[in-house]
Amino acid sequence: MSVLSSTVDPASETFATNRAALLDLLEQHDTEVAKALAGGGEAYVARHRARGKLTARERVELLVDPGAPFLELSALAAWGSPFHVGASIVTGIGVVEGLECVVIAHDPTVRGGTMNPYTLKKNLRALEIARVNRLPVINLVESGGADLPTQADLFVPAGQIFRDLTQLSALGIPTISLVFGNSTAGGAYVPGMSDHAVLVDGRAKVFLGGPPLVKMATGEDSDDESLGGAAMHSRVSGLSDYFARDEHDCIRIGREIVANLNWRKLGPGPSRPADAPAFAAEELVGIASADLRVPFDPLDVIARVVDGSRFAAYKPDYGTSLVTGWASIHGYPVGILANARGVLFMEEAKKATEFILLANQTDVPLLFLQNCTGYMVGKDYEQAGIIKDGAKMINAVTNSTVPHLTVIMGASYGAGNYGMCGRAYGPRFLFAWPNSKMAVMGPQQLAGVLSIVARQSAESQGKPFDEDADARQRQAVEEQIERESHAFFNSGKVYDDGIIDPRDTRTVLGIALSAVHSNVVEGRRGYGVFRM
Amino acid sequence: MTTPRPITKLLIANRAEIACRIIRTAREMLIPTVAVYSDADAGARHVRLADESVRLPGNTAADTYLRVDALLDAARRTGADAVHPGYGFLSEHAEFARECLDAGLTFVGPPPDAIAAMGNKVEAKARMTAAGVPVLPGVTLDDGTGDDALDAAGEQVGYPVLVKAAFGGGGRGMRVVAEPAALADAVESARREAAAAFGDGLVFLERYVTNPRHIEMQVFADTHGNTVHLFERECSIQRRHQKVIEEAPSVAVDEALRARLGDAAVAAARAIGYVGAGTVEFVMAPNGEFFFLEVNTRLQVEHPVTEMITGLDLVRLQLEVAGGAPLPPEALAPERHGHAVEARLVAEDVPTGFLPTSGRYRALETGEGNVGGVQVRVDTGYESGDSVSTFYDALLAKVIAWAPTRDVAASALAHTLRRARLHGPRTNRDLLVRTLEHPEFVAGAIDTAFYERHDPSELGRPLADSELVDRLAIAAALARATSARTALAVPYGWRNTAPGWVTTTFTGDADRSVSVRQARDGTWHARVGDDGSLHDVALEPERLQIDGVTMHVSVDRLVGETWVDSEHGNAHLVDVSRFPPPESSSDAGSLHSPLPGTVVRVDVAVGDTVHAGAPLVVLEAMKMEHTIRAPHDGVVSELDVAVGTQVETGAVLVVVVVVAEAG
């Protein structure tokens with residue numbers, strides 16, 4: 001397989017500009033993530049600790065194997081919303097007793113670990129990742145239940161959490177709940193629907209209704225311990241399988257449960273040499289465009305991500321605005337589709353379709369590296385059937401059954417987002433670089449379109465067109481779209497699984513690929529590979 | 001008695017390093033060897049090295065290595081025609097030597113009469129006096145000596161007086177008395193101790209020399225009338241009369257003195273018709289005046305220093321002489337070159353009062369060989385993977401360094417000991433190193449009171465200071481990190497939302513908490529404690545780099561523990577579990593009812609002492625009787641039920657507390 005060379009000049013002005021801009025964005029990102037890491041703030045964390053409790057992240061750190069990687073997901077969930085960054089919950093892929101698991105931990109220092117609509121979205125996404133990749137789930141439970149002011153946006157859809165948990169069990173995917181505190185009302189069904197439950201003595205409270213509610217409902221006098229304490233559930237109701245003396249004991253038992261799952265990954269292990277790329281990952285921050293109008297060569301990215309920088313290009317001379325080819329990452333074979341010059345033409349769409357079909361023939365996971373401004377528009381292209389060719393590609397992406405991983409390296413506009421396996425197309429994992437933008441189209445284009453439509457409308461109605469108002473309107477729309485296409489904004493909406501440092505791309509993809517191979521890796525068969 | 005004949009098969013009635021030492025030479029001489037071993041020594045190094053071996057059932061010395069009948073039987077069963085007794089055990093038992101000869105075996109040692117003559121210290125002294133060998137003024141005390149006679153004896157000898165057992169050795173039963181008032185008590189207790197240890201309560205008094213040096217002469221005699229000495233050894237570094245460091249030659253002996261010592265030693269050997277290897281021990285005053293102490297009628301532990309300065313193989317000479325050959329010319333006119341120092345590496349815990357330690361040594365590696373004109377020799381009965389038991393003495397190895405000069409030999413020995421990989425129970429290594437590097441030792445200003453002036457528990461404290469322990473702990477943490485088996489080659493402890501520090505808390509030789517993290521480019525950083533400064537670090541095989549400075553380290557990482565060795569010190573660091581033992585919600589020792597039922601029997605009352613497994617309470621539920629038993633030894637501190645009490649599941653029935661042992 002040929003080894004890529006580099007076209008990057010680290011001494012160039014473009015490189016320096018990109019690097020400065022990217023490092024600035026990463027610093028902003030760290031600042032936002034720090035808010036999530038800080039939980040509910042010093043006072044709440046101190047109060048929590050004073051009760052002899054560990055924080056959500058401390059619980060996670062104690063649960064996972066020392067030294068093993070932990071890929072946190074959706075760290076910026078709820079960014080740009082009225083809720084705390086991180087959405088009062090920690091989710092991620094962690095290694096427990098050598099097994100990759102989905103870890104879901106409530107952060108009780110943020111408004112008691114209550115669930116708001118973003119919490120729900122993030123929680124459900126973690127459960128989805130567990131389901132599609134067949135990863136055991138470990139819930140670290142301590143939540144005050146629903147954030148009551150937002151119950152209207154929450155109560156009905158939140159039922160899916162319990163549905164997902166038991167569905168995972170039906171699929172043979174183990175579910176474990178370690179209960180450190182409140183897990184009441186609907187929350188009681190988290191341990192209730194899990195295969196394994198461990199409750200901490202004197203701390204876990206698992207009941208449908210607490211003492212006041214019981215008093216109101218039946219007049220009975222009761223207390224927390226008799227209604228839902230660890231001792232009661234471990235010895236009387238049997239809801240708890242293990243009685244944990246304290247939090248450490250609970251986590252220790254949780255790890256023991258995982259160790260005894262007799263779990264086997266169904267996908268193949270790494271089969272290629274997993275040697276490091278020939279070029280420094282550090283240079284990726286100088287390659288990624290800060291100004292998305294400037295395209296960059298995706299081969300320079302691939303050369304810094306794939307094993308040994310080895311890449312076998314597929315149809316290198318056809319549809320050259322899209323790079324396709326075979327490589328491996330951390331030993332796992334992948335097929336890569338990467339936008340080279342933004343636009344997808346008919347050739348690119350057909351090439352992508354064939355490539356996706358080939359990957360399905362050979363059970364090779366696909367990696368989409370997005371920097372896409374959309375499918376080409378214009379009379380010539382419409383008449384030549386760009387819709388039909390784009391449809392082929394979207395059809396292939398949709399019905400492909402090999403695992404898809406998507407990294408948004410730059411632009412993600414229009415139907416390009418769909419064809420290049422955006423969120424709606426179910427990639428197993430989707431990560432974004434901090435410089436990336438995602439929207440139906442670019443801010444100037446969208447504002448311009450609105451302006452043209454308004455001008456035409458005025459003309460057809462014979463009304464005068466207010467140029468000043470139009471300019472103000474264009475400016476406002478541009479600003480709105482700029483804001484809404486920002487990577488943080490989309491990450492806040494849980495449209496991705498997190499923003500990653502471009503320099504960590506290989507590591508993140510390695511962890512993701514390892515995780516997806518927990519499930520069967522099998523392409524769709526039926527028709528042969530259509531030659532477009 | 002039979003006439004001497006060449007040995008065709010040699011049984012070694014000993015164990016550990018000396019058995020291995022003898023086998024080495026026997027093998028060079030193409031003499032097949034037979035080892036004997038107790039149950040505890042099954043598979044020991046001397047057994048592995050020997051051509052054949054015979055089990056001596058049991059573990060105690062009395063049941064095994066001291067069983068004359070079993071040893072003779074072993075020789076008979078294997079066809080051995082000679083017995084080498086080594087040192088200790090039966091090496092100085094005239095009766096054993098005699099029985100060997102009676103059984104037609106060659107005894108590699110002096111004639112039984114010579115052993116007997118020297119075994120009784122009182123008799124030995126009389127014979128030496130007669131032979132003109134200088135002896136300390138002394139008086140023998142039999143059981144009937146009255147107080148007046150005792151006072152007179154003390155005066156005759158002169159204070160300070162040493163009270164010692166007439167039989168036995170090894171320092172047991174010895175007491176120094178500074179003034180007449182304390183004499184009677186010392187004699188009485190020496191008698192008791194001697195009677196218990198040696199079966200004979202005969203004691204004697206002699207002059208005690210202050211600040212004496214222990215000088216001993218190696219002698220050798222053959223059956224052809226030759227008796228020679230092979231120069232002196234100095235063994236002044238002793239702790240409670242146990243030699244710790246020995247050397248040859250002595251800095252306190254010049255040629256003239258050496259000649260006088262040699263003449264005295266040869267005269268002593270001749271006086272008792274000595275044959276084979278022997279040692280005449282002298283006590284030497286600071287002015288060079290010396291007095292006969294005793295003759296050791298065997299090969300000494302410290303014989304290697306003599307071998308290294310003379311180039312002779314004393315075991316070979318022993319076997320040749322026992323086989324009837326005359327001493328060879330190189331022994332008859334011995335030459336000496338350079339200086340040799342021996343250190344006795346012992347499995348013991350020096351700072352806690354020299355308690356013997358025991359257990360398995362995962363690694364037991366002391367550098368051996370010839371580097372830059374320095375020769376290092378290691379005589380040991382153990383290899384990596386072997387265990388030291390508590391049944392016998394805990395001498396792990398003798399490490400001997402030879403160099404042209406004493407300074408170089410001593411520092412080479414210290415260096416070798418510093419770098420030794422001793423991964424197992426504690427040893428006296430640190431004491432040996434500090435002694436060898438002590439200014440008084442380096443200056444040769446030593447005497448047998450060295451450890452009275454310099455507290456051995458202080459000299460024996462760990463070589464690694466706090467700052468070095470920090471570095472060794474960093475090496476251990478890095479070894480843990482780099483030995484982690486991970487499916488993916490991603491940075492250790494990688495996190496996408498936090499810096500990814502991985503903390504290991506160590507205990508063991510020192511308590512340290514070390515955090516390490518691996519950067520994206522694979523480089524490592526480390527921090528000791530929560531607020532320690534940040535270091536750039538790297539661990540390569542045998543090397544640790546901290547902030548650009550590289551030092552030699554050797555790291556042996558196991559599951560949950562790490563051994564780190566460097567030439568400046570060593571540390572055994574044990575990982576502290578991330579999961580401490582859980583806090584208890586109920587009183588420890590509470591016994592709960594496993595199911596609802598009725599108490600039908602109560603076997604104990606509050607305050608009773610119970611043993612693990614003892615029945616305490618019997619419950620009846622659903623027609624079955626369930627016995628609640630004591631989970632551990634302890635005392636019943638609480639009893640909440642009586643016959644007829646109805647109990648629910650989880651009810652506390654009885655509490656058994658563990659009582660701390662008195663004292």
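**Exercise 1. Find out how many helices and strands chain A has, and how its overall dimensions look.**

Solution. Start with the count: chain A holds 20 helices and 16 strands, where helices (H or I, at least four residues) and strands (E, at least two) are DSSP runs numbered from the N terminus. Before going on, note that this is a predicted model, in which local features need pLDDT of at least 70 and side-chain atom pairs count only at pLDDT 80 or more, while totals for chains, interfaces and linings use all residues. Residues are numbered from 1 along each chain as its sequence is written, with chains lettered from A and ligands numbered from 1 in the order in which they are written.

Next, take the dimensions. Along its principal axes, the C-alpha trace of chain A spans about 80 × 65 × 50 Å.

Then look inside. Of the 532 residues in chain A, 56% are buried. A residue is buried if 20 or more other C-beta atoms lie within 10 Å of its own, exposed if 12 or fewer, and partly exposed in between, with C-beta atoms placed from the backbone.

**Exercise 2. Describe the side of chain A that touches chain B.**

Solution. First, count the residues: 31 come from chain A and 26 from chain B. Two residues are in contact if their C-beta atoms, placed from the backbone, lie within 7 Å. Second, name the elements of chain A that give two or more residues: α1 (13–37), β1 (71–73), α10 (247–259) and α20 (505–516). Third, pick out the main contributor, α20(A), which gives the most with five residues. Last, sort this side of chain A by residue type: 14 are nonpolar, eight polar and nine charged. Here Ala, Val, Leu, Ile, Met, Phe, Trp, Tyr, Cys and Pro count as nonpolar, Asp, Glu, Lys and Arg as charged, and the others, Gly among them, as polar.

**Exercise 3. Work out the strand order of the open four-stranded sheet in chain B, and which strands stand at the edges.**

Solution. Read the order: β34-β41-β39-β36, with antiparallel pairing. Two strands pair if DSSP finds at least two bridges between them. Now find the ends: β34 (590–592) and β36 (609–610) of chain B each have a single partner strand, so one side of each is left without a neighbour in the sheet. Finally, zoom in on one pair. Three bridges join β34(B) to β41 (residues 652–657) of chain B, and B:S590 has B:V655 as its bridge partner in β41(B).
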